[in-house]
Amino acid sequence: MTPIWTHSNAPMPPTWKRGGSCARPVARSRQAWDRIAVGYDRTNTPTQMWLGGEGVRRAGLREGMSFLDVAAGSGALSIPAARLGGRVFATDQSAVMLELLEARARSEGLSIETGVMDGHALEFADASFDIVGSQFGVMLFPDMPKGIDEMARVARPGGRVLVHAYGDPRQIDFIGFFVEAVRAVRTRLSNPVHVGIGSKPR
Ligand SMILES: C[S@@+](CC[C@H](N)C(=O)[O-])C[C@H]1O[C@@H](n2cnc3c(N)ncnc32)[C@H](O)[C@@H]1O
């Protein structure tokens, strides 16, 4: 599959690559996210935008910094990053999600570049971005360590990696009930991860 790129006026770091093949597409997951994208954009993205804004603010994003959003969905992290003046590149496996993100960006007059790709194999050179973030994205990858490794790889030395992820759902009352019911029949249900911002060693 060829990545979809859109163009903006913002200059890109020379290390950002264009084109190339989309390695290891997670086809079933992608189709599922394509199907629910419109509903997700309507209900989830607006309600999670505040969290994205808080994350990029705490990660120290400032005007002119390059920011990569991994598994961007329809923009709950990318849009706040662009509002702060970041030069944002949004990636996701779902082309439909990215089309919705582009529509949101256009409606606010924001400039965000997008590319369809699998977060397990980011199509960027090492050390390409000041900050690399993923909100409720990398936590869902079948190989989450690989996804986090890729985020760290494309962050510049001294840059930052921002991950928003759910904690243990059993500790959230209304979800805990549901999780325990699922665990009763699906004993190998994997453990979720935690929230954090990390600096990449120089
Ligand atoms: C829960 S949504 C989060 C979207 C957005 N970051 C947000 O905060 O609303 C999960 C997103 O991860 C994407 N995703 C899941 N697995 C992926 C993968 N292997 N590579 C790229 N994107 C992936 C899905 O397509 C979906 O858009």
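**From the whole chain to its parts**

Of the 202 residues in the chain, 39% count as buried, a residue being buried if 20 or more other C-beta atoms, placed from the backbone, lie within 10 Å of its own, exposed if 12 or fewer do, and partly exposed in between. This is a predicted model, in which local features need a pLDDT of at least 70 and side-chain atom pairs count only at pLDDT 80 or more, while totals for chains, interfaces and linings use all residues. Residues are numbered from 1 along each chain as its sequence is written.

The score pLDDT is the predictor's confidence in each residue, from 0 to 100; the chain averages 84, and 79% of the residues score at least 70. Over residues 1-25, however, pLDDT stays under 50, and residues 192-196 are likewise a stretch where pLDDT stays under 50. Where pLDDT is low, the predicted coordinates should not be read in detail.

The chain holds 5 helices and 6 strands, where helices (H or I, at least four residues) and strands (E, at least two) are DSSP runs numbered from the N terminus. Read from the N terminus on, these elements follow the order α-β-α-β-α-β-β-α-β-α-β.

Which residues of strand β4 (residues 129-135) are buried? The answer is 7 of the 7, so strand β4 is largely enclosed by the rest of the structure. Strand β1 (residues 66-70) runs parallel to β4 and is joined to it by 3 bridges, with Phe-67 standing opposite Ile-131 in β4. Strand β5 (residues 155-164) also pairs with β4 in the parallel sense, over 6 bridges, and here Ile-131 stands opposite Arg-160 in β5; two strands pair if DSSP finds at least two bridges between them. Together with helix α4 (residues 144-154), strands β4 and β5 make a right-handed β-α-β unit, meaning that, with the strands pointing away from the viewer, the path from the first strand over the helix to the second runs clockwise.

Finally, turn to the ligand. Of the 23 residues around the ligand, Trp-33, Ala-71, Gly-73, Gly-119 and Gln-135 come nearest, a residue being near if its C-beta atom, placed from the backbone, lies within 6 Å. Helix α1 (residues 27-58) gives the largest share of this shell, 5 residues. By class, the shell has 10 nonpolar, 11 polar and 2 charged residues, with Ala, Val, Leu, Ile, Met, Phe, Trp, Tyr, Cys and Pro counted as nonpolar, Asp, Glu, Lys and Arg as charged, and the others, Gly among them, as polar.

Definitions and conventions
Two residues are in contact if their C-beta atoms, placed from the backbone, lie within 7 Å.
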